[in-house]
Amino acid sequence: MQCSLKVLVPALVLIAPVALAQSQRAFPNVGQPLSQQEVQAFDRMIGPEGKELPAGRGTVKEGEAIFAKRCEICHGKGGENGLTHHLVAGQPGKPFKGPFYGVEKDGPSYFPYPTIAWDYINRAMPASNPGSLKTNEVYALVAYLYYRNGIIKETEVMDQTTLPKVVMPNKDGFVPAKPVYPPDPTKPSWY
Amino acid sequence: MNSNNSDRRQFLKNAAVGLAGGAAGLAVGQGWSAKGQTVASAAPVTGVPSDSIGLQGHVHNEPPRRGARYSIDHLTHYTPLQDYMGIITPAPLHFVQQHSSEFPEIDASQHRLTIHGMVDRPLSFSMDDLKRLPSVSRVHFVECHGNSSPAIHAPGAGNPNMGMPVQYIHGMASCSEWSGVPFSVLLNEAGIRKQGTWLVLEGGDQGKFSHTLPTAKALDDCFVAYGQNGEPLRREQGYPIRALVPGWEGPHNVKYLKHIKVVDEPYNTWNESMNHSVSRPDLGGKARWYHFQWATKSVITRPSGGMEMRKGYNQITGLAWSGAGRITKVDISTDGGKTWKEAKIQGPVHSKAHTRFTYDWAWNGEEAMLMSRATDETGDVQPSLAELTQHWGMQASDWKKKERPRAIHMNAIQPWHIARDGSITDAMFA
């Protein structure tokens, strides 16, 4: 008896947390399980650290040509004075805070993370055919836009290693610096 | 066409404001339309034949109508808060803020909601699957984070139709009975892991509208809605499914919901970083983001801007709401905030829902300033504009600038000025 308990107790301690983490389904047979491959086929969402960025690369020069072909029609030549969303804003390499007064403008100089433009272009652009850009084209477009905003040099190449390391000029431009939940209870709800 | 013209005449008369032709606001890639001349009223985009919508059969063929604002990548419809009763916004009058140029056509039989990321069992649900699961049905408001923005108030803010009826100032808020499956049920089925403290919701629309949501909030009271006011969601409201995040700013309520990715940090998507943050003077020009919850708010919808007052008894009525819970009190001032008296709460009162209030009043023909001030069950009191001005580090004179502050998350007390001739105007920045 003593001997079996000595074996059993540590075994239970080891097993219990694992069993608890594996919560039970309340409604088995409702919904289809997805394999890892199936998830990979549709999951394009990229987080702020760029952990999910796919392999690929693009240059400023390549980006310029793609922009003229795919983006200029809405965003204007070089990303300026287009029908929508001015993509060059503020002073080169300087944070663009976005105005409290007046009309909304935006552009990569406003983003806190270098991955945001990549993720959005990859999933939602061009508006006429979202998701149709190839991975290398997205890297090239981001390189071009960051160059146009003075964030990177003309010679810099964007890939899954270099892109997350780009220092965005407005990275410290948001309050709270990192979103937290629940929010600060000492502030009024309309803070 | 005739009814449109008559609507327009009525609008001109009611609003008593010049409207230099229907195309006055049109510029390249952007346009505004007057009440009754909207994209929506001409041809409601709902996915069902227009003659099957009951509202089309209203007396005098003059149903309450939404106003519209549209641009190359944006479409907004404003709820006519002044034209309906009770607390429920009829589905075809619910406001719309569409961040792409069209509503997607989704075949519900093919639509799948996936839950993946930090879960033990990635899952895909069909519409049939979702309807098999336990459901909830709750009355909640949904409100755009930019509703009531100072950029909207008063003529001269870029739109000749703006600044008059309450619809165009506060009409990006509506309230419905929403039905669907709680996030808690879905996340439990997928076996959410402890480190999965945030969710990223992604829509199946052209712009792949995406938003981060804390898992704690999702488990608390959020649900995946497939019904609105007894009918399937309308196409403009996210058909076949949308997220319903009670009491929080509109963008959380992702329409055409397609993917829920469980992650361990906020994903700061384009939609969140760009449109839903605004630089503020009190923060040294830094942008406030992730407000999450709407604060306590109210507005008198009748009498309100553009209407005409007549002497004698006039019931004052309006809507109050809070993202934190139930409305417990609404105070009314008819003298611009010098004195306050408690209004009646009409009921029903739901948590995080529009709440109707009424107040008996007789107008004596003298100049008056009507205001409402709501309090919620947490004791949060709706702030005055002066309080917000101070809070945002601004001067009162800043509101007079030609380029108006783009303040979002605006919940200041709304004053309506009644002149001796009975005309009523928006006095927020007067």
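Predicted model: local features only at pLDDT ≥ 70, side-chain atom pairs only at ≥ 80, totals over all residues.
Colleague: At what angle do the axes of helix 5 of chain A and helix 6 of chain A cross?

Modeller: The two axes cross at roughly 135° and come within 9 Å of each other. Helix 6 of chain A covers residues 135-148. Helix 5 of chain A and helix 6 of chain A are therefore oblique to each other.

Colleague: Is the crossing of helix 5 of chain A and helix 6 of chain A left-handed or right-handed?

Modeller: That crossing is right-handed. On the side of helix 5 of chain A, the contact is made by A:A117, A:W118, A:I121 and A:N122; helix 6 of chain A contributes A:V138, A:L141, A:V142 and A:L145. Of the residues in this contact, seven are nonpolar, one is polar and none is charged.

Colleague: Let us turn to the two chains. How many residues of chain A are in contact with chain B?

Modeller: The size of an interface is often given as the accessible area lost when the parts come together. Here one can count residues: 45 of chain A are in contact with 63 of chain B. Strand 1 (32-33), helix 2 (36-42), helix 5 (115-124) and strand 4 (174-175) of chain A each give two or more residues to the side that touches chain B. Helix 5 of chain A supplies the largest share of that side, five residues. By type, the side of chain A that touches chain B holds 28 nonpolar, ten polar and seven charged residues.

Colleague: Which strand of chain B is joined to strand 4 of chain A, and by how many bridges?

Modeller: Strands of a sheet pair through backbone hydrogen bonds, either parallel or antiparallel. In this case, two bridges join strand 4 of chain A to strand 16 (residues 287-288) of chain B, and the two strands run parallel. A:F174 stands opposite B:A287, while the bridge partner of A:V175 is B:R288.

Colleague: What does the domain assignment give for chain B?

Modeller: The assignment gives domain 1 (2-98), domain 2 (112-288) and domain 3 (297-426). The centres of domain 2 and domain 3 of chain B, taken over C-alpha atoms, are separated by 27 Å. Across their boundary, 26 residues of domain 2 of chain B are in contact with 25 residues of domain 3 of chain B. Strand 7 (136-143) and helix 4 (166-170) of chain B are the elements that give two or more residues to the domain 2 side. That side divides into 15 nonpolar, nine polar and two charged residues.

Colleague: In what order do the strands of the open sheet of four strands in chain B stand?

Modeller: The order is 17-19-23-22, with antiparallel pairing. Strand 17 (297-302) and strand 22 (344-345) of chain B are the edge strands, each pairing on one side only. Five bridges join strand 17 of chain B to strand 19 (residues 316-321) of chain B; B:R302 has B:T317 of strand 19 as its bridge partner.

Terms used
Residues numbered from 1 in each chain as written. Chains lettered and ligands numbered in written order. Contact = placed C-beta atoms within 7 Å. Nonpolar A, V, L, I, M, F, W, Y, C, P; charged D, E, K, R; others polar. Pairing = 2+ DSSP bridges. Axes fitted to C-alpha atoms, helices over the stretch in contact; angles between N-to-C directions. Parallel < 35°, antiparallel > 145°, perpendicular 65-115°, else oblique. Left-handed = near helix turned anticlockwise from the far one by under 90°. Domains from an automatic or database assignment.
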